[in-house]
Amino acid sequence: MISHPSRHCTVELQALPSRIGQVRRIVSAQLRYWHLDPLIDRAALGVTELLTNVHLHARPDKTCAVEIELLPDRLTVSVRDQDPRLPVVDDAEPLATCGRGLAMVAAMSESWGARPDGASGKVVWFTLPVPPSVPSSSARPPRRVVEEVAAGAFVAVGPADGLRGSHPAPARSAVAG
């Protein structure tokens, strides 16, 4: 399920590798919609790390919800799962192949944390500062106005001389964006 109020987006999912990539793309698209392109890489990295932790560690299942919220001065990305155990940041060994995700989230974010959520779950979150050049409105820019042209302005065109065959060319359509 996806909900898109003006400054809030929630995605519910099973934290499986294929779904993690989909959610990363959804978060990136939402940030583009909000004109927050400078935050896309860090938000995508952070949500990937938090969802990977759900995939690797959450019990009894991998059900979770990703929520992004845009406030005037910051973006908050959170992941809610059904496992009440709060995450622990470990000092990973230099050659370890895992164990650095939360340290990376801490390094690339303005702040981060974890809190219990109800009797049997938790929320892990991080924030990113909103760049000052971002418009305060989260709405898309207004649609372009297309100038109307009178039909008389178009010239009738007949078949071109010298083309082989007498069949007319197939109709083509173009949509202006």
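Guide: Begin with the elements: helices (H or I, at least four residues) and strands (E, at least two) are DSSP runs, numbered from the N terminus. In this predicted model, the order from the N terminus on is β-β-α-α-β-β-α-β-β.

Visitor: How many helices and strands does the protein have?

Guide: There are three helices and six strands.

Visitor: How do I read the nonpolar core?

Guide: In soluble globular proteins, nonpolar side chains tend to be buried together. Here 32% of the 177 residues count as buried, and the largest nonpolar core has 32 residues, with Leu31, Leu51 and Leu75 making the most contacts inside it. Elements supplying at least two residues each include strand E2 (8–14), helix H1 (17–33) and strand E6 (122–129). Helix H2 gives the most, with six residues.

Visitor: Which residues does leucine 31 contact, leaving aside its neighbours within four places in sequence?

Guide: Leucine 31 is in contact with Leu36, Asp37, Leu39, Ile40, Ala43 and Leu75.

Visitor: What should I look for in the backbone?

Guide: Most residues other than glycine have a negative phi, and most peptide bonds are trans. Histidine 35, in the loop between H1 and H2, has a positive phi of about 60 degrees although it is not a glycine. The peptide bond from arginine 59 to proline 60 is cis, with omega near 15 degrees; proline 60 lies in the loop between H2 and E3.

Visitor: Why does histidine 35 count as partly exposed?

Guide: Because its relative accessibility is 27%, and partly exposed covers the range between under 20% for buried and over 50% for exposed.

Conventions:
Residues numbered from 1 in each chain as written. Predicted model: local features only at pLDDT ≥ 70, side-chain atom pairs only at ≥ 80, totals over all residues. Heavy atoms only, no water. Core = buried A, V, L, I, M, F, W, Y, C linked by side-chain atoms within 4.5 Å. Buried < 20%, exposed > 50% of the residue type's maximum accessible area, 1.4 Å probe, protein only. Contact = heavy atoms within 4.5 Å.
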